[in-house]
Amino acid sequence: MIIYLSIIAFILTMLLMISLVYILRAPDNADCLLSTQLVGTIGVVILAMLSIIKNQPYLLDIALVLALLTSILVLTFTQLSKDTS
Amino acid sequence: MTIIQWFSLLFCVSGLFFFIAGTIGLIRFPTMLSRLHALTKADNLGLGLIIIGLLPQMSSFNNMLKLVLIWVLVMFSSAACSYLIASQIVTDKPHRNKLINTSSKKENK
């Protein structure tokens, strides 16, 4: 079972890298925000899987903090660009 | 493998499918709002299915509760953030012109 979960986590890591490269090549600011939100969600899933693969429950706390930080980041950037424009 | 593990694997693989679809959609879709649409599928369906798959593997009830808490938090935050990004796209004037132009091009074709 752990082997299958490791394979799924590896494929998710590949998707994470593709999204990170897309942040560099994004045509617009809003695209960067969308891609950042995807990176945050994939990071949460990878951490939740690692907590089962490594059998260490504290990784769930890190996943919770990462989900919170991603939402705060997107919220802050949208309000920032609204103020400047 | 027991039947619980087959259940877990089935849900994890279907969640992975939605993540792959969301990433490909984010890269390949033409307009901003359609990219937002693809991202929402990855956020809600992908994360939800994978967390349903991971729930029976958890060691204690406390950790299961924490996993469900992550799911609820991501659902609420992704709904709010998608609304904010979409309102920024729609109120931004160059973006709106771009959206109108691409849609009219498709109609001409």
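Visitor: Which residues of helix 1 of chain A are buried?
Guide: They are A:Leu5, A:Ile8, A:Leu12, A:Leu15, A:Leu16 and A:Ser19. A buried residue has 20 or more other C-beta atoms within 10 Å of its own, an exposed one 12 or fewer, and a partly exposed one a count in between, with C-beta atoms placed from the backbone. The model is predicted: local features need pLDDT of at least 70, side-chain atom pairs count only at pLDDT 80 or more, and totals for chains, interfaces and linings use all residues. Residues are numbered from 1 along each chain as its sequence is written, while chains are lettered from A and ligands numbered from 1 in the order in which they are written.

Visitor: What do those buried residues pack against?
Guide: Helix 2 of chain A, together with helix 1 of chain B. In an α-helix, with 3.6 residues a turn, residues three or four places apart point the same way.

Visitor: What makes this stretch a helix, and what is its expected span?
Guide: Helices are DSSP runs of H or I with at least four residues, strands are runs of E with at least two, and both are numbered from the N terminus. Helix 1 of chain A has 23 residues. The expected span is 1.5 Å times one less than the number of residues. That gives 33 Å here, and the helix reaches 33 Å from its first C-alpha to its last, close to expectation.

Visitor: Why are helix 1 and helix 2 of chain A called roughly antiparallel to each other?
Guide: Their axes cross at roughly 160° and come within 9 Å. Axes are lines fitted to C-alpha atoms, for helices over the stretch in contact, and angles run from 0 to 180 degrees between N-to-C directions. Under 35 degrees counts as roughly parallel, over 145 as roughly antiparallel, 65 to 115 as roughly perpendicular, and the rest as oblique. The pair is therefore roughly antiparallel.

Visitor: Which classes of residue make up that contact?
Guide: It has 20 nonpolar, six polar and no charged residues. Nonpolar covers Ala, Val, Leu, Ile, Met, Phe, Trp, Tyr, Cys and Pro; charged covers Asp, Glu, Lys and Arg; the others, Gly among them, are polar.

Visitor: How is helix 2 of chain A set against helix 3 of chain B?
Guide: The angle is about 175°, with the axes 11 Å apart. That makes these two helices roughly antiparallel. The residues of their contact divide into 11 nonpolar, four polar and no charged.

Visitor: How many residues of each chain are in contact with the other chain?
Guide: Contact means that two C-beta atoms, placed from the backbone, lie within 7 Å. By that test, 37 residues of chain B are in contact with 35 residues of chain A. Helix 3 of chain B gives the largest share of chain B's side, 14 residues.
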